[in-house]
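Open the model in your viewer and keep the selection panel at hand. This tour goes stop by stop: select, look, move on.

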Amino acid sequence: EANDGDSAFLLMQKNPPDLIISDWNMVPVTGLDLLRKVRADAKLKHIPFIMVTAESKTENVIVAKQAGVSNYIVKPFNADTLRAKIASVFPAMV
């Protein structure tokens, strides 16, 4: 767990996680910026990345997909939605 995108990226470089769940709306580094940094890092680029946001704009989903997001969750959501999105990036675990 990290308080912002910069801290998260530093933590990931030291100890790569199995899954990244990030909010889009963070400062000073947005979730989209974090996604791009993760996808550009050879050590981290393979990690599934789920973006969470309150905005359901089609253009945001497209930009996130182009940046390499594994899945996308629009707030509000429930535990079943989260479980389904996680299962979609780890299909062998279902």
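**Helix α4**

Select Asp80 and Arg83: both sit in helix α4, three residues apart, about one turn of the helix. Helices here are DSSP runs of H or I with at least four residues, strands are runs of E with at least two, and both are numbered from the N terminus. The model is predicted: local features need pLDDT of at least 70, side-chain atom pairs count only at pLDDT 80 or more, and totals for chains, interfaces and linings use all residues. Residues are numbered from 1 along each chain as its sequence is written, and side-chain values use heavy atoms, with hydrogens and water left out.

Now show the two side chains. Asp80 and Arg83 meet in a salt bridge, 2.6 Å from N to O. The term means a side-chain nitrogen of Lys or Arg within 4 Å of a carboxyl oxygen of Asp or Glu. Asp80 is exposed at 51% relative accessibility. Arg83 is exposed as well, at 51%. The cut-offs are under 20% relative accessible area for buried, over 50% for exposed, and partly exposed in between, using a 1.4 Å probe and protein chains only.

**Two salt bridges across the chain**

How many salt bridges does a search of the whole structure find? It finds four. Select Asp6 and Lys37 for another of them: their side chains meet at 3.6 Å, N to O. This pair links distant parts of the chain, with Asp6 in helix α1 and Lys37 in helix α2, 31 residues apart. Asp6 is partly exposed at 32% relative accessibility. Lys37 is partly exposed too, at 31%.

Go next to Asp23 and Lys75. They form a salt bridge whose closest N and O atoms are 2.6 Å apart. Asp23 lies in strand β1 and Lys75 in the loop between β3 and α4, so the pair ties together parts that are 52 residues apart in sequence. Asp23 counts as partly exposed at 22% relative accessibility. Lys75 also counts as partly exposed, at 35%.

**Strands and crossovers**

Stay on β1 and colour its two faces. Ile20 and Ser22 make the covered face, while Ile21 and Asp23 make the uncovered one. β1 pairs with β2 in the parallel sense over four bridges. Strands pair if DSSP finds at least two bridges between them. Ser22 stands opposite Met51 in β2. Trace the chain from β1 through α2 to β2: this β-α-β crossover is right-handed. Right-handed means that, with the strands pointing away from the viewer, the path from the first strand over the helix to the second runs clockwise.

The bridge partner of Met51 in β3 is Tyr72. Strand β2 (residues 49-53) and strand β3 (residues 71-74) pair in the parallel sense over four bridges. With helix α3 (residues 58-67), β2 and β3 make a right-handed β-α-β unit.

Select Asn60 in helix α3. Is Asn60 buried or exposed? Asn60 counts as buried, at 12% relative accessibility. Leaving out residues up to four places away in sequence, Asn60 touches Trp24, Glu55 and Tyr72. Contact means heavy atoms within 4.5 Å.

**Arg39**

Move to Arg39 in helix α2 (residues 31-40). Arg39 is buried yet has no salt bridge; the nearest side chain of opposite charge, Asp41, is 9.6 Å away. For charge, Lys and Arg count as positive and Asp and Glu as negative; His and the chain ends are not counted. What does the side chain of Arg39 reach at 2.8 Å? It reaches the backbone oxygen of Ile47. Beyond four places in sequence, the residues touching Arg39 include Leu44, Pro48, Phe49, Ala67 and Ser70.

**Three prolines**

Select Pro17, in the loop between α1 (5-14) and β1 (20-23). Pro17 is partly exposed, with a relative accessible area of 25%. Neighbours within four places in sequence aside, Pro17 is in contact with Met12 and Ile47.

Then show Pro28, in the loop between β1 and α2. A cis peptide bond joins Val27 and Pro28, with omega about 0 degrees. Finish at Pro76, in the loop between β3 and α4 (79-89). A cis peptide bond joins Lys75 and Pro76, with omega about -5 degrees.

Technical notes. Polar contact = N/O pair within 3.5 Å; in protein donor to acceptor, adjacent residues only side chain to side chain.
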